Amino acid sequence: MKKLTLSLMVLALTGSCQIASAGDITGKVTLKGTPPTEKAIEFIDQCTTLPHAVSTTRWYVVGKDNGLADVFVYISKGLEGKKFPAPTTPVVINQEGCMYYPYVVGVMVGQPLAFKNSDTFMHNVHGLPKVDGNLEFNIAEPFQGQVNDTTFTANITKPEVLVKVVCDVHHWMFCYAGVQDHPFFAVTDKDGNFKIANVPAGSYTLTAYHLKAHGSAPGVSQQITVAASPVTADFTVEVPAPK
Amino acid sequence: MTFVLVWMGGLVTSNGAGLSVPDWPNTYGYNMFFFPPSKWIGGILFEHSHRLVASVVGFLTMLLALWLYGRNSRPVLRWGGLIFIVAGLGLCVKFPAHDKENICLSILGLAALGGSFVWPSSAPSPRWLRVLGVAAFIAVVVQGVLGGLRVTQLDARIGIFHATLAQLFLVLVSVIAISQTEFWRRLPVRAETDRGHFRLFFIAATCLVLGQLVLGATMRHQHAGLAIPDFPAAYGKVWPDTSPAAVARYNQNRLDVFSENSITAFQIELQMVHRIVALIILIAVSLGAWRASHYLGRHHPLARLAFLWLGLVLTQAFLGAATIWTGKSADVATAHVACGALCLVTGGLTSLLSFRMLASPVAQCGVAQKNELTSLLASSSITR
């Protein structure tokens, strides 16, 4: 009985130490410069009759105080060799009104990424990874309410920023998933804010990547040190100069 | 019909619809011939109708191959029909859920069996034509399988082979078609000497056009939109900067509504090579037309064909430029594909006709020498 109590105490202490040594990273990504005007999407067939929450391209979604949405922020260095269990809760991308929502998501390797068809007609879900070892896939989702949460997970087994997913039936439909082998990433909200919770104490490289502003470049990075108190890391992303 | 199919194939890639139907040979789980028209939406319309027209072309090619064998092909048709009937009925018992498809198979077999008693009634065509007929049938089957593998294997390289074989198949059926015309029969066979080396010239230019079509197919199947968005300049220069920094900048500044892959330095260079080869073809075909007109006369069939070819190449060059100026409008890009196919067919037929009409100068020289020798021998024997 004594042994058990002692073990429980050690366990509790270790747990509390872990919580004490984990910190949150919060911050904001701000856009500098004037983004190009978004183009209107010309919907076709049944898509024309549906209400659309968004009916333009989403190159630069800018919110309050120039906060830039859809930026994938992740720890790019400092976690090598460490293993983390993948969450079992699926991240959901919804196909609604012939658009993907959300436009950018983050998902951990092995975590289910579910594609749901909320439209009354068919879409296909076509993943186009670029990293070796990740496999291209193409599945049909012909029925309303259909959900597939296995294909992406089975085919995308390596970290990649960002995996593009398209619908070839409706050529303007595409979205992106940032895939990491750890859970310390976030996607900025409509005002450019992000929060990465429970990061173990240590020194890391934090990277912010925006698919249009950075393109084939790796994004912007900064060094951070996480301790018990929350860390703030703000980024500025510049609209690229015209060609 | 094959030309229509090539056009439709162009529409599929131009609209980025090649993978809008993720399964093959089925379409969204349906037998492709019973896929409800109400579901032909968006990219599916292009891809599915391409598959259906391809099936019709495949069927017609089979009939063409049988027809070229004339009445000798009746047993094949008869036995084939019987096998289809039995297979259809057998599959009906084994897979009752697919009775609609299996009954259709049996009906097709019945039609073949019945038809075999009255068709084909013609005499067999010459051997070379029969061989071409079989080659066309094999090509169309391979082409169908390549199209299917492109969908199931998700490998863009297969698409390049699929596009190239489509062009070659069009040339093949065009050759078969022209051989059936009165124009072909009336052509004087090797009546003139090929003093201008037209045969070699035309075949070389046709090979250049084929190479250009392969380049074009490679560009299209990268699914990266326009690697260079301006013409005649390239990113404002004679030769664009393809350094990693420059390519990154090009990608950042691309504002596509549709889903396109990022461009690479290779794709930019590929388009530059495509432009250069286009210029070489234009010069070569112009030269060919001018020389044919000069040496053979303006009204000579080869000169006329060469000028038709030149007209098509000029149209093709304009369509290529228009593809860029319109930001790769699907219709213009498709017209560019279709006109490219016509350029290859015209080049192929011009080459074929040059081989039929013109005799090799070496062979002619040989014949002349032989005649001279014979007459000499004859005169010497008379003297003796």
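**First stop: helix H5 of chain B**

Select H5(B) and color Leu132(B), Gly133(B), Ala136(B), Val140(B), Gln143(B), Gly147(B), Arg150(B) and Val151(B): these residues are buried. Buried means that 20 or more other C-beta atoms lie within 10 Å of the residue's own; exposed means 12 or fewer, partly exposed is in between, and C-beta atoms are placed from the backbone. Helices (H or I, at least four residues) and strands (E, at least two) are DSSP runs, numbered from the N terminus.

A word on what is loaded: this is a predicted model, in which local features need pLDDT of at least 70 and side-chain atom pairs count only at pLDDT 80 or more, while totals for chains, interfaces and linings use all residues. Residues are numbered from 1 along each chain as its sequence is written, and chains are lettered from A and ligands numbered from 1 in the order in which they are written.

Now show H2 and helix H6 (156-179) of chain B: both are among the elements that cover the buried residues of H5(B). Next, check the length of H5(B). Its 27 residues, 127-153, should span 39 Å at 1.5 Å a residue, and the end C-alpha atoms are 38 Å apart, which agrees. The expected span is 1.5 Å times one less than the number of residues. Step past the end of the helix to Leu154(B), where phi is positive, near 50°.

**Zoom out on chain B**

Chain B holds 13 helices and two strands. Its C-alpha atoms fill a box of roughly 90 × 65 × 30 Å along the principal axes. Of its 384 residues, 36% count as buried.

**Where chain B meets chain A**

How many residues of chain B are in contact with chain A? The count is 27, against 32 residues of chain A. Contact means that the C-beta atoms, placed from the backbone, lie within 7 Å. Select helix H2 (42-68) and helix H9 (244-253) of chain B: these are the elements that give two or more residues to the side touching chain A. H9(B) gives the most, with seven residues. Color that side of chain B by class and you get 14 nonpolar, 10 polar and three charged residues. Here Ala, Val, Leu, Ile, Met, Phe, Trp, Tyr, Cys and Pro count as nonpolar, Asp, Glu, Lys and Arg as charged, and the others, Gly among them, as polar.

**Over to chain A**

Chain A has three helices and 17 strands. The box for its C-alpha atoms is roughly 70 × 45 × 35 Å, again along the principal axes. Of its 243 residues, 41% count as buried.

**The five-strand sheet**

Select E5, E11, E10, E7 and E8 of chain A. In the order E5-E11-E10-E7-E8 they make an open sheet with mixed pairing. Two strands pair if DSSP finds at least two bridges between them. Strand E5 (104-108) and E8 are the edges; each has a single partner strand, so one side of each is left without a neighbour in the sheet. Neighbouring strands are turned by 25° against each other on average, direction ignored. These angles are taken between axes, which are lines fitted to C-alpha atoms.

Center on strand E7 (residues 123-128) of chain A. Five of its six residues are buried, so E7(A) is largely enclosed by the rest of the structure. Toward strand E8 (residues 137-141), look for five antiparallel bridges; Gly127(A) stands opposite Phe137(A). Toward strand E10 (residues 160-166), E7(A) has three bridges, also antiparallel. There, Leu128(A) has Lys164(A) as its bridge partner.

Move to E5(A). Five bridges join E5(A) to strand E11 (residues 174-180) of chain A, and this pair runs parallel. Met108(A) is partnered with Gln180(A).

**The four-strand sheet**

Select E12, E2, E14 and E15 of chain A: an open antiparallel sheet in the order E12-E2-E14-E15. The twist averages 30° from one strand to the next. Three bridges join strand E2 (residues 72-77) to E12(A), and Val73(A) stands opposite Ala186(A).

**Last stop: the cores**

Which residues have the most contacts inside the largest nonpolar core? Pick Val71(A), Phe72(A), Val73(A), Ala177(A) and Leu302(B), in a core of 133 residues. Such a core is a set of buried Ala, Val, Leu, Ile, Met, Phe, Trp, Tyr and Cys residues joined through C-beta atoms within 7 Å. Helix H12 (residues 330-357) of chain B supplies the largest share, 14 residues. Click Leu302(B): among the residues it touches are Phe198(B), Ala292(B), Leu353(B) and Met357(B). Finish at a second, separate core of nine residues, including Ala227(B), Tyr250(B), Ile263(B) and Ile324(B).

How values were computed: Contact = placed C-beta atoms within 7 Å. Axes fitted to C-alpha atoms, helices over the stretch in contact; angles between N-to-C directions. Lists of a residue's contacts leave out its neighbours within four places in sequence.
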